[in-house]
Amino acid sequence: MMRVIYLESYQISMELVIEHNASRHPENLPGHIDKLAEIQAAFETQVTENPKSCPVNYDLERYFGLQFREYLKDGYRILYRVDDSKAVIVTFIFMSQFQKTSRLLEQFVFRR
């Protein structure tokens, strides 16, 4: 069975989503954090059972030649890659379904 690894970029992008939602609706923060945890748990269940069940992200493949898969659930998406040689799923980014991939990558690069 594959195991899931969360990179620092994933943790930072998750924090950005939480910060954004906390600034807009601070009263809903505990419920929102629970929802994000449920999304992450559902992601782990699906991809450990079938790592390539999610589609390849079109923009990253088209513009950069990168094969990142994209898990979608409840208005959010997780970008990940499958490393069959090490039997791991490497997660890179957590983002809103409506965020542009290029914009998020830009924010991450300039935040560092």
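Contact here means heavy atoms within 4.5 Å. The model is predicted: local features need pLDDT of at least 70, side-chain atom pairs count only at pLDDT 80 or more, and totals for chains, interfaces and linings use all residues. Residues are numbered from 1 along each chain as its sequence is written, and side-chain values use heavy atoms, with hydrogens and water left out.

**View 1. His32 in helix α2.** His32 sits in helix α2, residues 29-49. Helices (H or I, at least four residues) and strands (E, at least two) are DSSP runs, numbered from the N terminus. Leaving aside neighbours within four places in sequence, His32 is in contact with Val17, Asn21 and Tyr76. His32 has a relative accessible area of 12%, so it is buried. Buried means under 20% relative accessible area, exposed over 50%, and partly exposed in between (1.4 Å probe, protein chains only).

View 2. Helix α2 has 21 residues. From first C-alpha to last, α2 reaches 31 Å, close to the 30 Å expected at 1.5 Å a residue. The expected span is 1.5 Å times one less than the number of residues in the helix. Buried in α2 are His32, Leu36, Ile39, Phe43, Val47 and Thr48. These residues lie on the same side of α2, because they cover an arc of only 145° around the axis. The arc is that of the directions from the helix axis to the C-beta atoms. An α-helix has 3.6 residues a turn, so residues three or four places apart point the same way. On the other side of α2, Pro30, Glu38 and Glu49 are exposed. The cover over the buried residues of α2 includes β1 (3-6), α1 (8-24), β2 (69-73), β3 (76-83) and β4.

View 3. Rings of Phe, Tyr and Trp (its six-membered ring) pair if their centres lie within 6.5 Å; planes under 30 degrees apart count as stacked, over 60 as edge-to-face and the rest as tilted. The count comes to six aromatic pairs. One of them joins Phe43 and Tyr71 edge-to-face, at 5.3 Å centre to centre with 65° between the planes. Phe43 lies in helix α2 and Tyr71 in strand β2, so this pair ties together parts 28 residues apart in sequence. Both Phe43 and Tyr71 are buried. Tyr76 and Phe94 form a stacked pair, 5.3 Å centre to centre and 25° between the planes. This pair links distant parts of the chain, with Tyr76 in strand β3 and Phe94 in strand β4, 18 residues apart. Tyr76 counts as buried because its relative accessibility is 10%. Phe94 counts as buried at 0%. Ring pairs also link Tyr6, Tyr10, Tyr76 and Phe94 into a cluster.

**View 4. Arg81 over the ring of Phe68.** Arg81 lies over the face of Phe68, 5.0 Å from the ring centre. A charge sits over a ring if NZ of Lys or CZ of Arg is within 6 Å of the ring centre and within 35 degrees of the ring normal.

View 5. Asn57 is in the loop between α2 and α3 (58-64). With a relative accessible area of 2%, Asn57 is buried. A polar contact is a pair of N or O atoms within 3.5 Å; within protein, one must be able to donate a hydrogen and the other to accept it, and residues adjacent in sequence count only if both atoms are side-chain atoms. The side chains of Asn57 and Glu70 are joined by a polar contact of 2.7 Å. A polar atom of the Asn57 side chain also lies 2.8 Å from the backbone nitrogen of Leu60. Beyond neighbours within four places in sequence, Asn57 is in contact with Phe68, Arg69, Glu70, Arg77, Leu79 and Thr101.

**View 6. Val88 in strand β4.** Val88 belongs to strand β4, residues 88-96. Val88 counts as buried because its relative accessibility is 5%. Neighbours within four places in sequence aside, Val88 is in contact with Met2, Arg3, Ile5, Arg81, Val82 and Asp83. Val88 and Arg24 are 64 residues apart in sequence and 35 Å apart in space, C-alpha to C-alpha.

View 7. Most residues other than glycine have a negative phi. Asp74 is not a glycine, yet has a positive phi of about 50°. Asp74 lies in the loop between β2 and β3, and counts as partly exposed at 47% relative accessibility. Ala87, also a residue other than glycine, has a positive phi near 55°. Ala87 is in the loop between β3 and β4. At 30% relative accessibility, Ala87 counts as partly exposed.
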